[in-house]
Amino acid sequence: MPTLNISATAHALNYLPQYYAEHLGLFADRGLQVNATACDPWTRVVDDLDSGGADIALGGLWVPAMYCGTPRELTVFAQVNHQFPKALVTREEQPDFAWSDLVGCTVLAPGIGGSAPYAFTAGLIREAGVDPASITFLRDLSTPMFVELFESGLGDAIVLDLTTAEMVQSRRTGFIANDYTESGGLGPNSVYYCRSDRFDELTERLLDFTAALQESMRLLKSVTLAELTPLISEHWPSTPLAPLERACARMLRSHTWDTVRIDPEATGRWMRILYQERMVQAPPRFSDLVDTAIVDKVDIVTASA
């Protein structure tokens, strides 16, 4: 059976469509064995692509964007997140929260797992007409460290993944003031990519993988949270179940898991945000980052089924 090895930047709830596809046997149904590894540190995904230890990487689109135009050529072919499943958590409940409320405040933005939590938050702030420079951001530490410090009194707000945000809220040490899946619009948060020189070689496996992933997303639209609970418990046994379920419910009712197809307009917006943060030398064009051949074939196969 052909094998597809994935190096991922994390083992995270927002990757659930991949885990659900594996759980249902959708990869095996297509004659494909998928092996996935969460890397620590996450930057090992790039090393694994170089060594051949991984065929594809799963992580933020900002990584291929930063490498665009450099000797390291990467091709993005599908996404697992159609939105950014993050939240801003404030120290007090703020039902009428506005980004301008953060002016003069200190916001913790974990960065050891990557720059996207800060960068996308800064982008939302700019789009609201507020200057991010009017807010003090503390960055570059891990989520657990920043959560501990926040709950000990550091900062006024913190940017978190939805699971951690729900955990903090359950302890009433912070409150979700802004759920990015509700306010942040569309965006390719987590994507799959490979070395460009291996794209042709991997095409058949990528097609089977992406078709299974798309089917998994379709099935998630009709599944109940109760039906997903055993799978969630299996993947994150040390995380309290109630916050996990609430975070999963947020993503299920959002557009996070709508499609494997990456939206060009949403990509352009994300690239502009990265450019405003000087994370890219120029906003990469969609066609320089994404090859739609795989999702195009998946659409054709699905339409003819």
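Student: Which residues of helix α10 are buried?

Tutor: The model is a predicted one. In α10, which covers residues 225-235, the buried residues are Leu 228, Thr 229, Leu 231 and Ile 232. They pack against three helices, α1 (16-24), α9 (199-220) and α11 (241-252).

Student: Why does Leu 225 count as partly exposed?

Tutor: Leu 225 is also found in helix α10. Its relative accessibility is 26%. Buried means under 20% and exposed means over 50%, so Leu 225, at 26%, counts as partly exposed.

Student: What does Leu 225 touch, leaving aside residues up to four places away in sequence?

Tutor: Leu 225 touches Glu 245, Cys 248, Ala 249 and Leu 252. Of these, Ala 249 is 24 residues from Leu 225 in sequence, with a C-alpha to C-alpha distance of 6.9 Å.

Student: Why does Leu 141 count as partly exposed?

Tutor: Leu 141 lies in the loop between β7 (136-139) and α6 (143-151). Its relative accessibility of 31% is between the limits of 20% and 50%, so Leu 141 counts as partly exposed.

Student: Which residues touch the most other members of the largest nonpolar core?

Tutor: Ile 56, Phe 77, Tyr 192 and Phe 209 do so, in a core of 54 residues. Helix α9 gives the most to this core, with 8 residues.

Notes: Residues numbered from 1 in each chain as written. Predicted model: local features only at pLDDT ≥ 70, side-chain atom pairs only at ≥ 80, totals over all residues. Heavy atoms only, no water. Helix = DSSP H or I, 4+ residues; strand = E, 2+ residues; numbered from the N terminus. Buried < 20%, exposed > 50% of the residue type's maximum accessible area, 1.4 Å probe, protein only. Contact = heavy atoms within 4.5 Å. Core = buried A, V, L, I, M, F, W, Y, C linked by side-chain atoms within 4.5 Å.
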